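Please find below a short note for a reader who is new to protein structures. It is set out as numbered points, to be read beside the sequence and the structure.

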Amino acid sequence: MNSTKSPVLDGLGNTTCNAHNKISVFFSIIFMTVGILSNSLAIAILMKAYQRFRQKSKASFLLFASGLVVTDLFGHLINGTIAVFVYASDKDWIRFNQSNILCSVFGICMVFFGLCPLFLGSVMAVERCIGVTKPIFHSTKMTSKHVKMILTTVCLFAVFIALLPILSFRAYQIQASRTWCFYKTEHIEDWEDRFYLLLFSCLGLLALAVSFLCNAVTGITLLRVKFKSQQRQGRSHHFEMIIQLLAIMCVSCICWSPFLVTMANIGINADRSMETCETILVVLRMATWNQILDPWVYILLRKAVLKTLYKIARRCCGMHIMNLHMWELSSIKNSLKVAAISESPVSSKQINQQPLSSTGQ
């Protein structure tokens, strides 16, 4: 067995990380449970909202958000279960991973559930940018059918990236901590090992950059409309969604940027990289927090919660602080009522009948 070049044994050579199994299993179970419960609650909230806004401009955003939360849910369920099994088995990969199947599955899931939420976050930012800057195009082209096609395409692309090492006969490697599998990060031999690390990092960083750019354009556009327009109507749902998008982007950048930069550094410098096993484990755990924090964006930053926070802030700060004309938050509350009235079937009939009655006069 020592003479073979099995991926199982290659990853077990330098075990420089000493983790306490009992503590690690305990925290893995806690994180997995919290992640599953949080994402399940967020899915219920999003599905309820989607039933309300099925025929409105917010429906496409809710479909993308639901896809993101479902992806996070399965990421916690699958990756968490494998991680708990590895810890419970005392990280004895030679005993339960002779054919490297479990490590390959673990590596594929790590790449897929890492990239797919980043892709979906950037797609959501692009969708909101189009919805704000090109509302007519968005209302005619961004149907539920198109949204489902985009979701399928994004997932298939992430699956392709995850399967790329298997298709090129490069196995995923057990990392030095013996707790997870990923691309080869030690004893990098050729350009292909570097290519996978750089591909993963560049795609993740590109998704974050697209999210930042589109959210900036969307925010600037909404603020211009807020400043210039005297009729603040029908824009409240845009503000709610952009707040959620900004929160998702901040969470993704904080959680994922260290891991992506670390993998890019290893891919560029190879064995000259100064990244230690402990550093990689820390940035990996930061990345896993993204799947826990994402659903709380939709749980906490909802319209009802924001209105409650506004009321609390108004009581604490006093009304004299809120009297700026352009930033008067009560206009958002009024726009919620106007938007709800304008989107109802009764009000649409009244609007259609109003020009007829005026022409008759």
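The points below concern a predicted model.

1. The annotated spans. The unreviewed UniProt entry places the feature "transmembrane region" at residues 23-47, 59-87, 99-126, 147-167, 195-223 and 243-268. These positions come from the record, and such annotations may be inferred rather than shown by experiment.

2. Two of these spans in the model.

3. Helix α5. This helix runs over residues 101-133 and contains 33 residues. From its first C-alpha to its last it reaches 48 Å, close to the 48 Å expected at 1.5 Å a residue. Of the 33 residues of α5, 26 are buried, so the helix is largely enclosed by the rest of the structure.

4. The disulfide. A disulfide is a covalent bond between the sulfur atoms of two cysteines. Searching the whole structure gives 1 disulfide. The bond joins Cys103 to Cys181, with an S to S distance of 2.3 Å. Cys103 belongs to helix α5 and Cys181 to strand β2 (residues 181-182), so the pair ties together parts that are 78 residues apart in sequence. The torsion about the S-S bond of Cys103 and Cys181 is about -125°, and the disulfide is therefore left-handed.

5. The cut-off for buried is under 20% relative accessible area.

6. Other cysteines. Cys253 counts as partly exposed, at 28% relative accessibility. Cys202 is also partly exposed, with a relative accessible area of 48%.

7. Gln291. This residue lies in helix α10, which covers residues 277-300. Gln291 counts as buried because its relative accessibility is 9%. Which residues is Gln291 in contact with, leaving aside its neighbours within four places in sequence? They are Asn39, Asp72, Gly75, His76 and Phe113.

Technical notes:
Residues are numbered from 1 along each chain as its sequence is written. This is a predicted model: local features need pLDDT of at least 70, side-chain atom pairs count only at pLDDT 80 or more; totals for chains, interfaces and linings use all residues. Side-chain values use heavy atoms; hydrogens and water are left out. Helices (H or I, at least four residues) and strands (E, at least two) are DSSP runs, numbered from the N terminus. Buried means under 20% relative accessible area, exposed over 50%, partly exposed in between (1.4 Å probe, protein chains only). Contact means heavy atoms within 4.5 Å. The expected span of a helix is 1.5 Å times one less than its number of residues. A disulfide is a pair of cysteine sulfur atoms within 2.5 Å.
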